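Please open the structure in your viewer and keep the sequence panel beside it. The tour below moves from one selection to the next and says what is found at each stop.

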Amino acid sequence: MPEAVDAVEMQTALVRLRRTSGLPVVFGGLLSDARHARIAELNGAQTSALRGLVISAGSGLGGKAIALSRPCAVTDYAASRHISHEYDAAVAAEGLRSVVAVPVVVRRAVRGVLYGALRMPVTLGDRTFDAVVAAARDVEQSLAVRDSARQLLAAGRERVSDPDAVPGAWEDVREAHRDLRALVPRVVDPVLREELLEVCGRLASASGARAPAAREVRLAPREVDVVACVAAGATNAAAAERLGLRPETVKGYLRSAMRKLGAHTRLEAVVAARRAGLLP
């Protein structure tokens with residue numbers, strides 16, 4: 001996986017973590033293979049001692065968290081008898097004492113490690129500990145979304161190449177379009193988001209030129225998302241769950257889309273959206 005893409009999720013989580021937890025130093029990195037993580041993202045560090053440090057599974061606090069696939073913490077890093085001390089020099093150079101390390105786990109596989117630290121030997125409170133765990137969970141969700149997006153992008157590009165080649169493939173095209181659009185708002189990385197939107201546009205226009213009688217219609221992105229769900233037979237409640245919206249919000253988007261499309265029923269809205277080239 002491209003480390004530069006995944007790093008966006010780590011950067012975002014660290015900025016949020018430092019702001020919400022009050023921890024003076026937060027840092028982390030992603031695994032380059034099954035046993036090694038490289039510290040690439042730091043926030044609040046006063047030196048470059050930690051940057052680029054390669055953490056091996058089982059070594060130090062972060063390596064212990066990777067090996068056990070669970071959070072680990074020490075009150076005084078240098079004096080702790082519960083971890084190995086391969087990285088003491090870098091930790092001491094940054095002046096860190098109390099440290100917590102939380103693995104980033106996606107589908108049971110450790111993908112990275114996230115740290116929070118103080119420059120004094122005090123026990124981290126539950127609130128601070130929970131904030132670091134929550135930040136790691138944010139990274140996990142973002143990486144899971146990115147993985148799904150990449151898989152759907154590959155499938156979408158394959159399906160858009162020749163949707164008439166396989167009987168019933170149009171339903172696959174429509175499903176891919178719907179799934180991709182549902183993922184777009186959850187993707188942090190702007191480059192990946194643009195890729196998703198580009199493939200969505202290609203899927204929507206895969207049936208060829210818009211119908212000659214179709215008028216120019218512009219729907220907001222969320223209006224397209226809702227109509228795509230309706231096209232798949234989803235109720236307002238089901239569309240809300242899929243899109244992470246409230247049912248009332250879905251109802252509002254659908255009402256607005258129907259007005260713009262000149263439709264009086266849900267079916268008319270779907271037909272009009274397809275004629276306008278907004279849905280495949």
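Predicted model: local features only at pLDDT ≥ 70, side-chain atom pairs only at ≥ 80, totals over all residues.

Residues are numbered from 1 along each chain as its sequence is written, and side-chain values use heavy atoms, with hydrogens and water left out.

**The whole protein**

Colour by secondary structure, and you will find 10 helices and 6 strands, where helices (H or I, at least four residues) and strands (E, at least two) are DSSP runs numbered from the N terminus. Of the 280 residues, 48% are buried; buried means under 20% relative accessible area, exposed over 50% and partly exposed in between, with a 1.4 Å probe and protein chains only. Contact means heavy atoms within 4.5 Å, and among contacts between residues at least 6 apart in sequence, 62% join residues at least 24 apart.

**Asp33 and Asn43**

Select Asp33, in the loop between β1 (25-31) and β2, which is partly exposed, with a relative accessible area of 40%. A polar atom of the Asp33 side chain lies 2.8 Å from the backbone nitrogen of Arg35, and one lies 2.9 Å from the backbone nitrogen of His36.

Next, select Asn43, which belongs to strand β2 (residues 36-43). The side chains of Asn43 and Arg18 are joined by a polar contact of 2.9 Å; such a contact is a pair of N or O atoms within 3.5 Å, and within protein one must be able to donate a hydrogen and the other to accept it, while residues adjacent in sequence count only if both atoms are side-chain atoms. Leaving aside residues up to four places away in sequence, Asn43 touches Val15, Arg18, Pro24, Val25 and Val26.

**Helix α7**

Select residues 221-231, helix α7, which is mostly covered, with 9 of its 11 residues buried. Among the buried residues are Arg222, Glu223 and Asp225, as well as Cys229. Just after α7, Gly233 takes a positive phi of about 90°.

Now show helix α8 (residues 236-243) with α9, whose axes come within 8 Å and cross at roughly 105°. The two are therefore roughly perpendicular to each other, a label for angles of 65 to 115 degrees, whereas those under 35 count as roughly parallel, over 145 as roughly antiparallel and the rest as oblique. Here Asn236, Ala239 and Ala240 in α8 meet Pro247, Val250, Lys251 and Leu254 in α9.

In the loop between α8 and α9, pick Gly244, which counts as exposed at 64% relative accessibility. Gly244 and Ala182 are 62 residues apart in sequence and 8.8 Å apart in space, C-alpha to C-alpha.

Finally, display α9 (residues 247-261) with helix α10 (residues 266-275), where the axes come within 9 Å and cross at roughly 60°. Helices α9 and α10 are therefore oblique to each other. To see their contact, select Leu254, Met258 and Leu261 of α9 together with Arg266, Ala269, Ala272 and Ala273 of α10.

Terms used:
Axes fitted to C-alpha atoms, helices over the stretch in contact; angles between N-to-C directions.
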